[in-house]
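Please read them with the structure open beside you.

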Amino acid sequence: MTASLPRPQKKTKKALEARQVIMAAAARMMRERGYADTSLRDLAAEVGMKAGSLYYHFASKDELAIEVMRLGVQLVCDAVDEALAKRPDASPRERIVIALKVHLETLLSASDFASAHIRCYPFVPEAVQQELLATRRNYDKVWSAIIRDYLGPEADGLRVRYLRHALIGALNWSLEWFDPARDTVPGYVAALERLLPPETRA
């Protein structure tokens, strides 16, 4: 009886490793090709599996897309949350700068997953978008809180929303043009900081 116990553990570890390989390959393909042109057959060939074997790990292409795209947001959200938690004494402007810097650094280092989300979200089925809403809204709340703290209690929701979209949009678009040989994270963050409206918080 005891001799058979390690087998499920090995299988589980192998399955988890295979899942990570599949997701990493899927993120690259979604980034390069978009959602529609990413096929499970091509993905299986990329990771050295039979097409049917993918269904052991993911029930459908949509399920795989959800996991890849959710991770794209969650990696950035967790990094920003952690960085802000380490600086509870930071001023409202400093908190925005911290969020800008960490978002951009994480975005660029986890670019396949993040870019897969950014590129594919408008084109995935509505059911996939709905599955991703909670993760996206959770990250929106992080930014809305630090922006509202910066603008002050009198700032209306629309102003907070517009500034959030402007800042996150500017950060996310960097995936299309950022060149480490020419551009730097501190340089771009400093440029965005100069575009911030005057602080009105009392």
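1. Of the 202 residues in the protein chain, 41% are buried. This is a predicted model, and the remarks that follow should be read with that in mind. The C-alpha trace of the protein chain spans about 65 × 45 × 35 Å along its principal axes.

2. The secondary structure of the protein chain consists of nine helices and zero strands, so that, by the DSSP assignment of helices and strands, the pattern read along the sequence is α-α-α-α-α-α-α-α-α. When contacts in the protein chain between residues at least 6 apart in sequence are considered, 70% of them join residues at least 24 apart.

3. Helix 4, which covers residues 61-85, and helix 5 have axes that come within 9 Å and cross at roughly 145°, and this crossing is right-handed. On the side of helix 4 the contact is made by Leu75, Val76, Ala79, Val80, Ala83 and Leu84, while helix 5 contributes Arg95, Ile98, Ala99, Val102, His103, Thr106 and Leu107. By residue class, the contact of helix 4 with helix 5 divides into ten nonpolar, two polar and one charged.

4. Two residues of this contact can be followed individually. Thr106, found in helix 5, counts as buried because its relative accessibility is 14%, and Thr106 touches Leu75, Val76 and Ala79 when residues up to four places away in sequence are not counted. Ala79, in turn, is found in helix 4 and, leaving aside its neighbours within four places in sequence, is in contact with Val102 and Thr106. Between Ala79 and Arg194 there are 23 Å in space, C-alpha to C-alpha, with the two residues 115 apart in sequence.

5. Which residues does Thr135 touch, not counting residues up to four places away in sequence? They are Arg70, Val73 and Gln74. Thr135 itself lies in helix 7, which comprises residues 126-151, and Thr135 counts as buried because its relative accessibility is 11%.

6. Helix 9 comprises residues 185-194, and its buried residues are Val185, Tyr188, Val189 and Leu192. These four cover an arc of only 100° around the axis, which means that they lie on the same side of helix 9. On the other side of helix 9, Pro186 and Arg194 are exposed. The buried residues of helix 9 pack against helix 5, residues 92-109, and against helix 8, residues 157-177.

7. At the start of helix 9, a side-chain oxygen of Thr184 comes to within 3.0 Å of the backbone nitrogen of Gly187. Gly187 can also be placed relative to helix 5, in which Lys101 lies, for Lys101 and Gly187 are 10 Å apart in space, C-alpha to C-alpha, and 86 residues apart in sequence.

8. Lys101 deserves a separate look alongside the packing described in point 6. Not counting residues up to four places away in sequence, Lys101 touches Val185 and Val189, and both of these valines are among the buried residues of helix 9.

Technical notes
Residues numbered from 1 in each chain as written. Predicted model: local features only at pLDDT ≥ 70, side-chain atom pairs only at ≥ 80, totals over all residues. Heavy atoms only, no water. Buried < 20%, exposed > 50% of the residue type's maximum accessible area, 1.4 Å probe, protein only. Helix = DSSP H or I, 4+ residues; strand = E, 2+ residues; numbered from the N terminus. Arc of directions from axis to C-beta. Contact = heavy atoms within 4.5 Å. Polar contact = N/O pair within 3.5 Å; in protein donor to acceptor, adjacent residues only side chain to side chain. Axes fitted to C-alpha atoms, helices over the stretch in contact; angles between N-to-C directions. Left-handed = near helix turned anticlockwise from the far one by under 90°. Nonpolar A, V, L, I, M, F, W, Y, C, P; charged D, E, K, R; others polar.
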